[in-house]
Amino acid sequence: MYVSVAVMDTGIFRHMDFDTRIAGFADFVGRKKYLYDDNGHGTHVAGIIAGSGKGSNGKYRGIAPDTFLVSVKVLDKSGNGKIENVVEAAGWIIENKSAMNIRVVNISFGTRAKMENGLAIETGEDDYALIMAVEKMWDSGIVVVAAAGNNGPGNTSVTAPGISKKIITVGAFDDKNFFSGRGPTRECIVKPEVVVTGSNIIACNNHQGRYSSKSGTSMAAPVVSGAVARLIKNNPDITPKEVKIWMKSCCKKINVPSEKQGWGVLDIRKFVTG
């Protein structure tokens, strides 16, 4: 059985590392029918999840190199997007999840909350629409993984949709050049749930056979998405709630504030063999 991860991002370039494993593409920005990535971010994220390493003789492989990818373009060439397009895209994913066996969605972006004295003080109607959209995907049986954002280190700096209490939000623990968003949320929910490495991650770019290095929680989230895809392949009947429970048991606390690490660093080897 194959597992697909839907990557909501800037699109995807047909890099050799994806072989024939791009199972679908939907463009909610330019409404084009052919594969493209006019930014490169989405291709990099997809490479972290499922790159085969073919262009690097296996050196730069993704976390789940046999996983299929469904690229859902919701961000433009500058990396910006409209919440209404993301909401529409979430509906498309739900409609096509069975046909493409979409079991995981990766979201490596977030909105900027209104800040006052380093604290998020307002969640707008658009943010609520975004959160409702990702929670509908979760309720449909899809594991949703979102980046915590790089708006820290202040408390309540996790971006939407990562503030959703249902989905899995990922932070980075080795952020020397950026600040990983941290909780708790306004509803006092622990966020992020887990942290993984997010600095200097090398993966595919939008040139054939080439790679680039990027840092941020945008890179940490697909590490977890790839791990979830591997877990689901080994346990096809597992539910999103069960994935979350098992993930919590596979984390180890590190020496950083609890509001930054949530459950701790994910032990990927233990998690994928569960």
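A crossing of two helices is left-handed if the near helix is turned anticlockwise from the far one by less than a right angle, and right-handed if clockwise. The structure is a predicted model, in which local features need pLDDT of at least 70, side-chain atom pairs count only at pLDDT 80 or more, and totals for chains, interfaces and linings use all residues. Residues are numbered from 1 along each chain as its sequence is written, and side-chain values use heavy atoms, with hydrogens and water left out.

Helices (DSSP runs of H or I, at least four residues, numbered from the N terminus) α4 (residues 217–234) and α5 pack at an angle of about 115 degrees, their axes lying 12 Å apart. Axes are lines fitted to C-alpha atoms over the stretch in contact, and angles run from 0 to 180 degrees between N-to-C directions. The two helices are therefore roughly perpendicular, a term covering 65 to 115 degrees. Their crossing is right-handed. Val224, Val228 and Leu231 of α4 meet Val243, Trp246 and Met247 of α5, where contact means heavy atoms within 4.5 Å.

Within α5 (residues 240–249), Pro240, Val243, Lys244 and Met247 are buried, that is, under 20% relative accessible area with a 1.4 Å probe and protein chains only. These residues lie on the same side of α5 because they cover an arc of only 95 degrees around the axis, taken from the directions from the helix axis to the C-beta atoms. On the other side, Lys241 and Ile245 are exposed (over 50%).

Helix α1 (residues 41–50) packs against α4 at about 35 degrees, with the axes 8 Å apart. This crossing is also right-handed.

Notes. Angles under 35 degrees count as roughly parallel, over 145 as roughly antiparallel, 65 to 115 as roughly perpendicular and the rest as oblique.
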